[in-house]
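Here is a friendly walk through one protein model, with headings to guide you. Have the sequence and the 3D view at hand as you read.

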Amino acid sequence: MPIRLVTQSISDALVASLRERIITDQISVGAPLTEASVSAQYDVARQTAKAAIARLVGEGLLERTAHRSARVPALDEARVRDLYFACAVVEVRGYQLLAQQRLLTEAVGRAHEAFLAAASGTDIASIVQTDAEFHRTLIDSLGSERLSRAHGLIINEIRLCLAQVQNAHLLGLEKISREHDGILAAVQDGDPDRAGELGQQHLEHAERKLLAHLRG
């Protein structure tokens, strides 16, 4: 029976549905995701399925090598370490710059509220999405198109890590919320060193938990 999509844009709805299934482990790591299977499951044209898969490859939630179908990439230690390293390079310095200017936009406040609302529920896809959006909005506040583009590529892919952390219950949402609060408070207080330190600790907590889980 076809999976029905509920939005005006079939293309966007298809991407959103596949993204949610990847984040919630409904699409298994390493299992091929083909245009034919997506087209049949959702009752959409092959071209629509192809475009959706390409978008998710661009987001880092799927990967495709030569002559192979797209697949959800496996998280190994090297990938996790590199993702968190890249994220820290951008975010830690970004938070320091925001603190120097005491720059907290209304968009950041809305993103924080959206995460808190998601964290009060059990929808992992929503929790992961709003968590990623919180960090994306902070970096976007700096007003650099190129920095936002670079960070966007990293944060899109790191959603696989965020999802694994939540699916395996590795880090409590209350702790994540407190760490977000700390970063915002340091920015508001104009304390660059504290903002950077808390940003680094926030990433390291999640990285350590995830690496220990992968080793286990």
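## A buried serine

Ser177 has a relative accessible area of 10%, so it is buried (under 20% relative accessible area; exposed is over 50%, partly exposed in between, with a 1.4 Å probe and protein chains only). Ser177 sits in helix H8, residues 173–188; helices (H or I, at least four residues) and strands (E, at least two) are DSSP runs numbered from the N terminus. Setting aside neighbours within four places in sequence, Ser177 is in contact with His112, Phe115 and Leu116, where contact means heavy atoms within 4.5 Å.

A word on the source: this is a predicted model, with local features needing pLDDT of at least 70 and side-chain atom pairs pLDDT 80 or more, while totals for chains, interfaces and linings use all residues. Residues are numbered from 1 along each chain as its sequence is written, and side-chain values use heavy atoms, leaving out hydrogens and water.

## Helix H1

Buried residues of H1 include Ala13, Leu14, Leu18 and Ile22. The buried residues of this helix pack against strand S1 (32–33) and helices H2 (35–42), H3 (46–58), H6 (124–140) and H7 (145–167). After H1 comes Asp25, with a positive phi near 65°.

## The nonpolar core

Which residues touch the most other members of the largest nonpolar core? They are Leu18 and Tyr84, in a core of 62 residues. Helix H4 (residues 77–101) gives the most to this core, ten residues. Such a core is a set of buried Ala, Val, Leu, Ile, Met, Phe, Trp, Tyr and Cys residues joined through side-chain atoms within 4.5 Å.

Beyond its neighbours within four places in sequence, Tyr84 has contacts that include Ile158, Leu162, Leu203 and Leu210.

## H4 against H9

The axes of H4 and helix H9 (residues 192–215) come within 7 Å and cross at roughly 165°; axes are lines fitted to C-alpha atoms, for helices over the stretch in contact, with angles from 0 to 180 degrees between N-to-C directions. H4 and H9 are therefore roughly antiparallel to each other, a term for angles over 145 degrees. Among the residues that meet, Tyr84 and Ala88 belong to H4, and Leu203 and Ala206 to H9.

## After H9

Gly216, in the segment after H9, counts as exposed at 94% relative accessibility. Gly216 and Gln188 are 28 residues apart in sequence and 39 Å apart in space, C-alpha to C-alpha.

Note on methods. Parallel < 35°, antiparallel > 145°, perpendicular 65-115°, else oblique.
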